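This briefing is for a reader who is new to the structure shown below.

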Amino acid sequence: MRNAGYSQLSMDGIAAHAGVGKQTLYRWWPSKASVTAEAVVAGLIAAGREIIPDTGDISTDLRTWLHTCVALFVSPEHAPLIRALTAAAADDRGEAQRLYQHFTEPHQAAVVARLRLGINAGQVRPGADLAAAADAFVGALLLQLLTANESVSAERADGLLRLMLPGLLTDWAPHAQ
């Protein structure tokens, strides 16, 4: 069961593995998504947190981060897990808050922190709404994943950058990417 993947996971299988009745599981967790969310937050299942590099070029760094996230989101091991965590968040407001704090907030904070470094380096406009930019980057990635849109790709990530960078950068010029 350990390497079977999320689609093969079931409450029956979890109960059997834990040596408890299925009813016991349902007393604590309403769905396999909730059990999975609890396991991820507890650190029992590894979940990626991609770091945004700092090479001195904000455009390149955001592009590298987005491409890394896209690769993670389209991977057969991670896409179902991320969808399951989102389902758990949709089912339970408390779970949503825990998952936000554990996953989404750190990604958004990393984007804001990297953009702040860009302000300090004179690459990002002072006064740019960094939180809104972080929401747009993270939200666009999640939307593509959750809708199972086939357009989740490096090209779509580059399109997002072409839309976002003119509003963020002090001296935007498209790179030949």
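**Helix packing and cores**

Helix α6 passes helix α7 in a right-handed crossing. The residues that make this contact are T104, H107, Q108, V111, V112, L115, R116 and I119 on the α6 side, and L130, A131, A133, A134, D135, F137 and V138 on the α7 side. Sorted by class, the contact of α6 with α7 holds 10 nonpolar, 3 polar and 2 charged residues. The model is a predicted one.

**Geometry of α6 and α7**

- Helix α6 covers residues 93–120 and helix α7 covers residues 130–146; their axes come within 9 Å and cross at roughly 130°.
- The two helices, α6 and α7, are therefore oblique to each other.

**The chain as a whole**

- The chain has 177 residues, and buried residues make up 36% of them.
- Its secondary structure comes to 8 helices and 0 strands.
- Along the sequence, the pattern reads α-α-α-α-α-α-α-α.
- Of the contacts in the chain with a separation of 6 or more, 64% are between residues 24 or more positions apart.

**Nonpolar cores**

- In soluble globular proteins, nonpolar side chains tend to be buried together.
- The largest nonpolar core here has 30 residues, and W65, L66, L115 and F137 are those with the most contacts inside it.
- At least two residues of this core come from each of α4 (58–74), α5 (79–91), α6, α7 and α8 (154–168).
- Helix α4 gives the most to this core, supplying 8 residues.
- Another core, of 6 residues, lies apart from it, and L9, I14, L25 and V35 are among its members.

**Helix α4 against α7**

- The axes of α4 and α7 are 11 Å apart, and the two helices pack at an angle of about 25°.
- That angle makes α4 roughly parallel to α7.
- The crossing of α4 and α7 is right-handed.
- On the α4 side, L62, W65, L66, C69, V70 and F73 meet F137, V138, L141, L142 and L145 of α7.
- The contact of α4 with α7 divides into 11 nonpolar residues, no polar and no charged.

**Helix α4 against α8**

- The axes of α4 and α8 come within 9 Å and cross at roughly 145°.
- Helix α4 passes α8 in a right-handed crossing.
- From α4, the contact takes in S59, L62, R63, L66, H67 and V70, and from α8 it takes in A154, A157, D158, L160, L161 and L165.
- By class, the contact of α4 with α8 divides into 8 nonpolar, 2 polar and 2 charged residues.

**Residue L66**

- L66 has its place in helix α4, and L66 is also one of the residues with the most contacts inside the largest nonpolar core.
- L66 counts as buried because its relative accessibility is 0%.
- Leaving aside residues up to four places away in sequence, L66 touches F137, L141, A157, L160 and L161.
- L66 and D158 lie 92 residues apart in sequence, and their C-alpha atoms are 8.3 Å apart in space.

Notes
Residues numbered from 1 in each chain as written. Predicted model: local features only at pLDDT ≥ 70, side-chain atom pairs only at ≥ 80, totals over all residues. Heavy atoms only, no water. Axes fitted to C-alpha atoms, helices over the stretch in contact; angles between N-to-C directions. Helix = DSSP H or I, 4+ residues; strand = E, 2+ residues; numbered from the N terminus. Parallel < 35°, antiparallel > 145°, perpendicular 65-115°, else oblique. Left-handed = near helix turned anticlockwise from the far one by under 90°. Contact = heavy atoms within 4.5 Å. Nonpolar A, V, L, I, M, F, W, Y, C, P; charged D, E, K, R; others polar. Core = buried A, V, L, I, M, F, W, Y, C linked by side-chain atoms within 4.5 Å. Buried < 20%, exposed > 50% of the residue type's maximum accessible area, 1.4 Å probe, protein only.
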